[in-house]
Amino acid sequence: MIPFQCKTACAALVVTSAAVAHEGASGIVAQRMEAMSEFGDITQYIGDMYKGRHAMDRDTIGDAARLYIQHGEMIPMQFPDTVHSRTSGNTEALDAIWDRRQEFEASAADFVDRSRELLAAYERGAEPDELQPLFYTVARGCRECHDDFRAEQD
Ligand code: HEC
């Protein structure tokens, strides 16, 4: 009983902030929404950095690359084929994720590969100008997956 209670309580803690933003979603669905929201925030920030809206800071790009790899590797596990995963809350996950599983996982793996290239360039000291095309290649990976596997947003 105790491990189960802990699991429930701990999960509740982890998803608190996501639950606010993602009303109705719970468990793994809320967790993946939260991870994707973090992707959204940092990607937007870096995009704005390249547009001159924030001071340029190459370490933010390194941090983003690490986050992309870390969360990117978890994507296949965050979309289990369960009723909850397919339908919880206001999920935007399309059935294609499960109907074309290999493609979905390949898309996630490709995204992680691109992120590794970005991180490698950051770690060898590449300047923001040189990182820019690599960053946009990663960002294109977000869009490519969303085009096939995420419902259109309003
Ligand atoms: C391999 C597929 C895949 C990749 C790569 C991917 N996403 Fe997503 N993303 C999804 C899916 C599927 C959803 C819908 C999840 C849901 O609603 O359950 C989603 C949802 C989102 C959301 C909405 C989260 C919310 O508030 O509910 C944002 C924002 C987002 N992604 C940003 C990004 C960004 C930015 C990147 C790249 C840095 C990225 N995603 C990469 C598949 C992907």
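**Exercise 1.** How many residues does α6 have, and how far does α6 reach from its first C-alpha to its last?

*Solution.* The model under study is predicted. Helix α6 has 23 residues. At 1.5 Å a residue, the expected reach is 33 Å. From first C-alpha to last, α6 reaches 33 Å, close to that expectation. Just after α6, G125 adopts a positive phi of about 90 degrees.

**Exercise 2.** Determine which residues of α6 are buried, and against which elements they pack.

*Solution.* Begin with the buried residues: F104, S107, A108, F111, R114, S115, L118, L119 and Y122. Next, identify their partners: the buried residues of α6 pack against α3, α5 (96-99) and α7.

**Exercise 3.** Describe the largest nonpolar core.

*Solution.* This core has 12 residues in all, including I46, L118, L119, Y122 and F135. At least two of its residues come from each of α3 (58-78), α6 (101-123) and α7. Another core, of nine residues, lies apart from it, with I75, F79, I97 and A108 among them.

**Exercise 4.** Characterise the packing of α2 and α7.

*Solution.* Two packed helices are described by the angle and the distance between their axes. For α2 (residues 27-50) and α7 (residues 128-149), the angle is about 145 degrees and the axes are 11 Å apart. Their crossing is left-handed. In the contact, α2 contributes F39, T43, I46 and Y50, while α7 contributes Q132, F135, A139 and C142. Sorted by class, these comprise six nonpolar, two polar and no charged residues.

How values were computed: Residues numbered from 1 in each chain as written. Predicted model: local features only at pLDDT ≥ 70, side-chain atom pairs only at ≥ 80, totals over all residues. Axes fitted to C-alpha atoms, helices over the stretch in contact; angles between N-to-C directions. Helix = DSSP H or I, 4+ residues; strand = E, 2+ residues; numbered from the N terminus. Left-handed = near helix turned anticlockwise from the far one by under 90°. Contact = placed C-beta atoms within 7 Å. Nonpolar A, V, L, I, M, F, W, Y, C, P; charged D, E, K, R; others polar. Core = buried A, V, L, I, M, F, W, Y, C linked by C-beta atoms within 7 Å. Buried ≥ 20, exposed ≤ 12 C-beta atoms within 10 Å, placed from the backbone. Expected span 1.5 Å × (residues − 1).
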